[in-house]
Amino acid sequence: MVINTHIGNILDQDQDAIVVNLFEGVEMPSGATGAMDSALDGGIRKLISGGDFKGKLNQTAVLYPGDTVGSQRIILVGLGEQDALTMERVRQASATVAKKANDLGVRRLGTILHGTGAGGLETEGAAQGVVEGSILGTYVFSDYKTDHVDGQSLEELTLVEFDDSRQKDLERGAEAGRIISEGTCLARDLASMPGNDLTPSALADRAQQMASQTGLKCEIFDEGRIAEEGMRTIEAVAQGSAQPPRFIVLEHEGDRPDSTPVVIIGKGITFDTGGISIKGSDGMWDMKFDMGGAAATIGAMQAIARLGLPVRVIGVVAAAENMPGSRALKPGDIVKSMCGKTIEIRSTDAEGRLVLADAVTYAARLKPTAAIDLATLTGACVTALGHEASGLMSNDDALADEVSAAGDRTGEIAWRLPILEGHRDLIKSDVADIKNTGGRPGGALTGGAFIEAFVQEFPWAHLDIAGTAWIGSDRPYIPKGGTGVGVRLLVDFVRNRT
Ligand code: BES
Ligand code: MN
Ligand code: ZN
């Protein structure tokens, strides 16, 4: 979708459809919607008084104005109550409209910015939200459909603002929205790709390709280099598979290449069978998205590079396939991690924390100002929070607050969970320094505690995205499938560190 901006009057736009909005309970529309109503000879007021349109969030109506307005159709969208307006609602309403436009076969759509009038939102943020909702809401994963009919007619979206003093903000917000959405869509594509095509080496190739397009530095460790580095936990997970592991490092220098970086760490299990502690076959197909943390890391790095953020950020991904081959890791095995800590394997299905152990040790070398790992780590986190929020665990309250604020702003909610001394006790081993499972109670928290054991003296946050990286039913701007969760949160987090 091509995104344009325009300073002028929405009524003069020559588009296949133009968009105006209405808050719930408003009987006399004002602003652009009021002007539209006048041009329609009270047509919008009639819709309201007749009870056909209440302005409820995501409600839509389509009007055909005739010659009084430059465009063929008008799409009216409800924003809900005025005092309840949030960026989340702007994204939702924009997505609803964009999907409606696709249904109508609209190719060129013009829209006002939702919420910048009576809603009190800033132009830049609203422009970003409108673009995000439109791109993310109309996303489809159709790479494997051979008929190429994806139901997408919408080609061009023009954001129209009347006040020319807002032009710079409009352009900046639209550009950011596009870049951040494209990073999210990249993450969605990766998460939705099947395990036979998205192997660890294919994931590394995609990361490398993205890096060369955006000017990021990229280093890929192959299985030989992984062995040399002593990344035994990554080798251990990969050894039951014919697919070799990869370790991916992406670097964005920002404006101070010598500064201490923000490090993003992604779990990149391209398929998780459980290994010898094999999973049940029902629903196992979903485990192709067990690289959702890696997808978020790669998508966020793309967006951070394209936005040219002045912060040094390094993304690392530990990629492996968890299979029960004849050389596979076994329960009871003891593995020596890169930092020297020994790990008793209780379940080969707790593989994510294993690959993250060495990834976190690698991250420590980079002397992070903050490190955030993202991982589809535990079914227990899905039980605790459902698909509504990611689990957030951290050794640093200030960092946890920053991450959860970024989650609130982006709608990618991160809900803090505790790691208590008792949780750490549950992963003590009789024979090694630590064991990789702590049993059913507090499963998300013992998962976090395990990773924490490899974290040295730096602020660290862990996002368990097992429930949020994939959804089974559509949301306004998140179609079912891979969600790309984490990309928008991470980019917002980094932008707020500038
Ligand atoms: N990838 C899974 C976790 C998962 C479950 C992600 C459901 C998305 C949806 C992870 O590797 C795993 O198998 N975790 C185990 C840990 C247990 C063995 C301690 C789990 O949650 O059962
Ligand atoms: Mn597993
Ligand atoms: Zn897993």
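On a 1 Å grid over the protein atoms alone, a pocket is an open set of points where a 1.4 Å probe fits, with protein on both sides within 12 Å along at least five of seven lines. A molecule sits in a pocket if more than half of its atoms lie within 2 Å of its grid points. In this predicted model, the space taken by ligand 1 is the largest pocket. Asp272 bridges two metal ions, manganese (ligand 2) and zinc (ligand 3).

**Basis**
- This is a predicted model, in which local features need pLDDT of at least 70, side-chain atom pairs count only at pLDDT 80 or more, and totals for chains, interfaces and linings use all residues.
- Residues are numbered from 1 along each chain as its sequence is written, chains are lettered from A and ligands numbered from 1 in the order in which they are written, and side-chain values use heavy atoms, with hydrogens and water left out.

**Ligand 1**
- Around ligand 1 there are 16 residues (a heavy atom within 4 Å), and the closest are Lys279, Asp290, Asp349, Glu351 and Gly379.
- By class, this shell has seven charged residues (Asp, Glu, Lys and Arg), four nonpolar ones (Ala, Val, Leu, Ile, Met, Phe, Trp, Tyr, Cys and Pro) and five polar ones (the others, Gly among them).
- Glu351 places a polar side-chain atom 2.8 Å from an oxygen atom of ligand 1 (a polar contact is a pair of N or O atoms within 3.5 Å).
- Thr376 has a backbone N or O atom 3.3 Å from a nitrogen atom of ligand 1, and a backbone N or O atom of Leu377 also lies 3.3 Å from a nitrogen atom of ligand 1.
- Of the 520 Å² of accessible area that ligand 1 has on its own, the protein covers 77% (Shrake-Rupley method, 1.4 Å probe).

**Manganese ion (ligand 2)**
- The protein donors of the manganese ion are Asp272 (OD), Asp349 (O), Asp349 (OD) and Glu351 (OE), at 2.1 to 2.2 Å.
- The manganese site is irregular, with angles of 72 to 170° among its six donor atoms.
- The manganese and zinc ions are 3.2 Å apart.

Note on methods
A polar contact is a pair of N or O atoms within 3.5 Å; within protein, one must be able to donate a hydrogen and the other to accept it, and residues adjacent in sequence count only if both atoms are side-chain atoms. On a 1 Å grid over the protein atoms alone, a cavity is a set of points where a 1.4 Å probe fits but cannot get out, and a pocket is an open set with protein on both sides within 12 Å along at least five of seven lines; lining residues have an atom within 4 Å of a point. Donors are N, O and S atoms within 2.8 Å of the metal (3.2 Å for Na, K and Ca); water is not among the atoms, so sites may look incomplete. Four donors count as tetrahedral if all angles lie between 85 and 135 degrees; four count as square planar and six as octahedral if opposite donors are over 155 degrees apart and all others between 65 and 115; anything else is irregular.
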